[in-house]
Amino acid sequence: MKLASLVPLTVLAAALFRLDAQQWVTYTPPSGTANGKTLVLLSGDEEYRSEEGLPQLAKILSQRHGFQCTVLFSQDSDGTINPNNSTNVPGMHLLDGADLVVNQFRFRELPDADMKHFVDYLNSGRPMIVVRTATHAFNYERNKQSPYAVYSWTAPGGGFGGKVVGESWTYHHGDHGKESARGLVEGKNRKHPILTEVVDVWGPSDVYGVNPEFPSTATVLLQGQTLVGMKPNDPPNLKKAIMPIVWLNDYRTPDGKTSKILCSTIGAAIDLESADLRRLFVNAAYDLTGLKVPAKADVSYVGEYKPLMFGFNKFTKGVKVSSHELK
């Protein structure tokens, strides 16, 4: 009798353990709203709180626009999100079935078996959105003999950023943490679908510089203007030139396919408080997956969104992946 009474408790404990060790989170569109497209969003940077920004973006894309969205996180083995863990991002196999990947990695060094899924996706010709630090998404320091070390930002040609995005890490053009960024629509490309109803873009993260080899074939959508302070109404620093901060680049795969890459070097979690920046990302998800961009995409938050300011080791400690489930 006593043994039988313990069985439900054992089952319950096992279920709670599985929930506690959840490795990724999936947001399913409301009934009848699915558009048939699957997105995988990759959170893994130490500074810009992608572990906060990407779940909110995924909720908007799924609940407002019908995309099936899964967010992967850098984490420890017990399912605790840890942006400083650069080698463990469970769920990379889910890229195999994705129509679009949103990549916000920084200096990751994944096991070869996981990295293979990333490279297979990239070379399939499917599109990718590259956000902020993902221009330097990979850094191979432990396994320099890996066949994927060619994607390290230190590799010849700039690794993933230089070969695929059109830009690797160069420098902070704005004074980091002191000068914010205003997004200026590139006039000659104003009618691009991704810019539909995108007018007012501002973010506390600074403008990244681009190198002289920035591809002339890139389609620049937003230029970044450096402001003298950290408020949206601060005046521009006229001593600093504008720099591309959002652009489209074509990546030619080894077997001749073409992958459409959208890079946005503005995109910290706190930058996503800009409704028009959120709208740009939503528009891009439509356009890059072959869907018609809405006349004015709904980018209202799903649930509460209060992102932290960017900074190293300033992430909220002890947060489980399971806590991002849509309640």
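**Close-ups around helix H5**

**View 1. Helix H5 from end to end.** With 14 residues, H5 spans 20 Å from first C-alpha to last, close to the 20 Å expected at 1.5 Å a residue (that expectation is 1.5 Å times one less than the number of residues). Helices here are DSSP runs of H or I with at least four residues, strands are E runs of at least two, and both are numbered from the N terminus. This is a predicted model, in which local features need pLDDT of at least 70 and side-chain atom pairs count only at pLDDT 80 or more, while totals for chains, interfaces and linings use all residues. Residues are numbered from 1 along each chain as its sequence is written, and side-chain values use heavy atoms, leaving out hydrogens and water. Twelve of the 14 residues of H5 are buried, so the helix is largely enclosed by the rest of the structure (buried means under 20% relative accessible area, with a 1.4 Å probe and protein chains only). Among them are Asp-276, Arg-279, Asn-283 and Tyr-286. Just after H5, Gly-290 takes a positive phi of about 85°.

**View 2. Where H2 meets H5.** The axes of H2 (residues 50-63) and H5 (residues 275-288) come within 11 Å and cross at roughly 55°; axes are lines fitted to C-alpha atoms over the stretch in contact, with angles running from 0 to 180 degrees between N-to-C directions. That makes the pair oblique, the label for whatever is left once under 35 degrees (roughly parallel), over 145 (roughly antiparallel) and 65 to 115 (roughly perpendicular) are taken out. From H2 come Leu-57, Ile-60 and Leu-61, and from H5 come Arg-278, Phe-281, Val-282 and Ala-285 (contact means heavy atoms within 4.5 Å).

**View 3. Leu-288 and its neighbours.** Leu-288 sits in H5 and, at 13% relative accessibility, counts as buried. Leaving aside residues up to four places away in sequence, Leu-288 touches Leu-100, Pro-127, Met-128, Ile-129, Leu-248, Lys-260 and Leu-262. Met-243 is 45 residues away along the chain, and its C-alpha is separated from that of Leu-288 by 23 Å.

**View 4. Two arginines with positive phi.** Most residues other than glycine have a negative phi. Arg-49 has a phi near 60° and lies in the loop between strand E2 (38-44) and H2. Arg-132, with a phi of about 50°, is in the loop between strand E5 (128-131) and helix H4 (159-165). Arg-49 counts as buried at 0% relative accessibility, and Arg-132 is buried at 0% too.

Conventions:
Buried < 20%, exposed > 50% of the residue type's maximum accessible area, 1.4 Å probe, protein only.
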